[in-house]
Amino acid sequence: STGGGGPAGGDGIVAGRISFVFNGKPYGGTTCIANSFPGENSTSITSGGDESEWTLMMEIPGTATGQFDEHAGATCSFIKPPFNMYDSEAVTIAVSAYGKVGGAVEGTFSGMLINQLDSTRKPITEGIFTAQRHLNVE
């Protein structure tokens, strides 16, 4: 074991990746970045598809591993241009690794998202992420 963090590539850079099923359709991408906000004691995980076809943003309380739900302050938003914007009604984010800056933040997620326009609910399931942890944002 390397003592924290996930697998890194040959050059020591964590390869970001994310996959999930939203409303029955699989999505995946290789853009996945984690930023911590020490002043707010929270971490944001931002990911997206190729050609900016979608963006998924999650936020968890704190800067450590653990399981977080909406009652703990976890959130998840899914944006699929031009008009689909969903925010989490219920979400569970389980963080299994929280490496130092340059390392990996890894975990799983699922929940129920609600459309901002028409209030329809759509499930997000089978979420798995590996994010490269970037410098803290002051």
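Modeller: Strand E3 (residues 31-37) and E10 run parallel, joined by two bridges. Keep in mind that this is a predicted model.

Colleague: Which residue stands opposite Ile-33 in E10?
Modeller: Gln-132 does.

Colleague: And in what sense do strand E1 and E10 pair?
Modeller: Antiparallel: E1 covers residues 17-22, E10 covers residues 121-133, and five bridges link them. Within that pairing, Ser-19 has Ile-128 of E10 as its bridge partner.

Colleague: How many bridges are there between E9 and E10?
Modeller: Ten, with strand E9 (residues 104-115) antiparallel to E10. Glu-106 is found opposite Thr-130 in E10.

Colleague: What do E9 and E10 form, and what sits between them?
Modeller: They form a hairpin, with five residues between the two strands. Ser-119 lies in the turn and has a positive phi of about 65°.

Colleague: Remind me, what is a disulfide?
Modeller: It is a covalent bond between the sulfur atoms of two cysteines.

Colleague: Is Cys-32 buried or exposed?
Modeller: Cys-32 is buried, because its relative accessibility is 4% and the cut-off for buried is under 20%.

Colleague: And Cys-76, buried or exposed?
Modeller: Cys-76 has a relative accessible area of 0%, so this residue also counts as buried.

Note on methods. Residues numbered from 1 in each chain as written. Predicted model: local features only at pLDDT ≥ 70, side-chain atom pairs only at ≥ 80, totals over all residues. Heavy atoms only, no water. Pairing = 2+ DSSP bridges. Helix = DSSP H or I, 4+ residues; strand = E, 2+ residues; numbered from the N terminus. Buried < 20%, exposed > 50% of the residue type's maximum accessible area, 1.4 Å probe, protein only.
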